[in-house]
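Subject: Structure for you to look at

Hello,

Below is the structure I said I would pass on. Please open it beside this email and follow along as you read.

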Amino acid sequence: MAKHCHILLILVIFAGCSKIEVATQDPKPASQSPSSVSYPVKLTSVHLPNPIRIHDRVISGGLPTGDAAFEELSRLGVKTVISVDGMTPDLATASKYGLRYVHLPHGYNGIPTQRVKELAKAVRELDGPIYIHCHHGKHRSPAAASVACVSAGLIPPNQAVSILKLAGTSTNYRGLFQAAEAARPMDAQELDQLMVEFLAIQEIPALAEAMVHLEHADEKLQLIATAGWKTPEDHADLEPAHEALLVRELFTELLRTKDIEKYPDDFQEWLRDSESAAVELEAELRSWQTKPDATLLHKIEQLSARLSANCKACHVKYRDVPLNLASRELGPLTKR
């Protein structure tokens, strides 16, 4: 399975490493004075994926994982962490470093109007600096951060798209670019009067949660593939056949979802074929483990490509469809 594997985002998948070396809590690059800094600017980081400074109050980036990442956020002076990813935030580790978590997930197909308002109010009113993240820090978080900052009046509208380009946001995510292009400052009084309960964890649909797990499972298989379909030297916990088994279980559980029969036939077929390919991949990897040969390697790579093709087809038809086109292109799925 290749890097594309979320399978499908029905409506919205809530389901994007570098170095921030900071000697003090001043979040600006040490070599520049505040007046000479022009945003957006990429930061270097030890533990935070793809961090980009958008405003004095806002940094966009990827998922902070473990003590080292949260400690680095603390050294940057960050007070609030906003996740726009579907994964349950690591509240315990954030709390150790005095950081507040706020969960405002959205998908790859754009940012709903209400979520834009909530993000704008968050960057305007919550304790800062604020770190906004998705998983990789490449797609959803730069879109969310740019839209939030424009809507809150922190940056001009003409900077929004440049933030996505700097982050490396894929142009396949048309809805994210449309959100950035459409962002405009909101009335301050409207934001003042907006009532929002900023929760640390938002409940998300079971299917979207499963897609988050698939994304993480795919990353592990990619590490294994890069290591020649063997356990990577720096990830001794990853056993190839076992990871393929876990991927298969995720597809199997999705097919057992109560309402799965209500989804389109092609979606169900992609799931079934991916489950079948994962079963075969596990078997071939077990054989490869005991007796590797060129024939087995060819089969393994074919199965991986098959999984990737299923995922990509689903993404193109469903996950990456902009919100303003979803009702036309997704048909019955938009009503669920």
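**Backbone points, sheet and pocket**

Trp229 is found in the loop that links α8 and α9. Please keep in mind that the model is predicted. Trp229 is not a glycine, yet its phi is positive, at about 60 degrees. Is Trp229 buried or exposed? Its relative accessible area is 5%, and buried means under 20%, so Trp229 is buried.

Asn50 is another residue that is not a glycine but has a positive phi, in this case about 50 degrees. Asn50 sits in the loop between β1 and β2. Its relative accessibility is 13%, so Asn50 counts as buried too. As background, most residues other than glycine have a negative phi, and most peptide bonds are trans.

Two peptide bonds are also worth a look. The bond joining Tyr39 and Pro40 is cis, with omega at about 0 degrees. Pro40 belongs to the segment before β1. The bond from Gly128 to Pro129 is cis as well, and its omega is near 0 degrees. Pro129 is in the loop that runs between α3 (113-125) and β6.

Next, the sheet. In what order do the six strands of the open sheet stand? The order is β1-β2-β3-β6-β4-β5, and the pairing is mixed. β1 (41-42) and β5 (100-103) are at the edges, and each has a single partner strand, so one side of each has no neighbour in the sheet. β1 is joined to strand β2 (residues 52-55) by two bridges, and these strands run antiparallel. Within that pairing, Val41 has Arg53 of β2 as its bridge partner.

Helix α4 (residues 140-151) packs on the sheet and touches β2, β3 and β6. The direction of α4 makes about 160 degrees with that of β3. Helix α5 (residues 160-167) lies across β1 and β2, and it runs at about 170 degrees to β2.

Strand β6 (residues 130-133) pairs with β3 and with β4. Strand β3 (residues 58-61) is joined to β6 by four bridges, and the two run parallel. In this pair, Val58 stands opposite Ile130 of β6. Strand β4 (residues 80-83) also has four bridges to β6, again parallel, and here Ile82 is opposite Ile132 of β6. Which way do the residues of β6 point? Ile130 and Ile132 point one way, while Tyr131 and His133 point the other way. All of these residues are buried.

α8 (206-226) and α9 (240-255) each supply at least two residues of the lining. Which element gives the largest share of the lining? That element is α8, with eight residues.

Regards

Conventions: Residues numbered from 1 in each chain as written. Predicted model: local features only at pLDDT ≥ 70, side-chain atom pairs only at ≥ 80, totals over all residues. Heavy atoms only, no water. Buried < 20%, exposed > 50% of the residue type's maximum accessible area, 1.4 Å probe, protein only. Pairing = 2+ DSSP bridges. Contact = heavy atoms within 4.5 Å. Axes fitted to C-alpha atoms, helices over the stretch in contact; angles between N-to-C directions.
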